[in-house]
Amino acid sequence: MPKHILVGYDGSETARRAYLFALELGACAGARVSVVSVYQMENGADTAALMMADSSKERLAAIQAELAALKASPGVDLDVQLVHGSPGDALLSYVAQNGADHIVIGHTERGALARWLVGSTSTDVLAKARVPVTVVR
């Protein structure tokens, strides 16, 4: 059974379902649950650094409020973090740095062209993860 579950959260419907699944799994296993939302850099590095400094606290507070409104499982040790970078790489880096032993992520259906253009976080994580991964649809 997992002891530390990482949930990738982007606010999508499948991410919400992944979060709720991870809470239930965490409650059953007595595991800690870490929710990680990734803030992607879309502009130049300097512009993105300024934007992140201004909006990171507000964005983290908004994510925490959204998750609290969804549901909380009693007895689950829960923390929420906002990290910066590419979603797949950031989640895998979090696992390596924080000892998470299970990843739960949502999967959003995209067409072949969209997958080719922007990739798929769930596919990237599945291909590179060294711990079990649960993909929630």
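**Figure 1. Pairing of strand 2 with strand 3 in the predicted model.** Seven bridges join strand 2 (residues 32-39) to strand 3 in the parallel sense; strands are DSSP runs of E of at least two residues and helices DSSP runs of H or I of at least four, numbered from the N terminus, and two strands pair if DSSP finds at least two bridges between them. V36 has Q81 of strand 3 as its bridge partner. This is a predicted model, in which local features need pLDDT of at least 70 and side-chain atom pairs count only at pLDDT 80 or more, whereas totals for chains, interfaces and linings use all residues. Residues are numbered from 1 along each chain as its sequence is written, and side-chain values use heavy atoms, with hydrogens and water left out.

**Figure 2. Burial of helix 3.** P87, G88, A90, L91, L92, Y94 and V95 are the buried residues of helix 3, where buried means under 20% relative accessible area (1.4 Å probe, protein chains only). Their cover includes strands 1, 2, 3 and 4 and helix 5 (121-128). G99 follows helix 3 and has a positive phi, near 70°.

**Figure 3. Packing of helix 3 against helix 5.** The axes of helix 3 and helix 5 are 8 Å apart, at an angle of about 40°. Helix 3 is therefore oblique to helix 5; angles under 35 degrees count as roughly parallel, over 145 as roughly antiparallel, 65 to 115 as roughly perpendicular and the rest as oblique. P87, G88, D89, L91 and L92 of helix 3 make the contact with T121, D124, V125 and K128 of helix 5.

**Figure 4. Surroundings of H4.** H4 is found in strand 1 (residues 4-8) and counts as buried because its relative accessibility is 5%. Among the residues that H4 touches are Y94, N98 and G99, not counting residues up to four places away in sequence.

Note on methods:
Buried < 20%, exposed > 50% of the residue type's maximum accessible area, 1.4 Å probe, protein only. Contact = heavy atoms within 4.5 Å. Axes fitted to C-alpha atoms, helices over the stretch in contact; angles between N-to-C directions.
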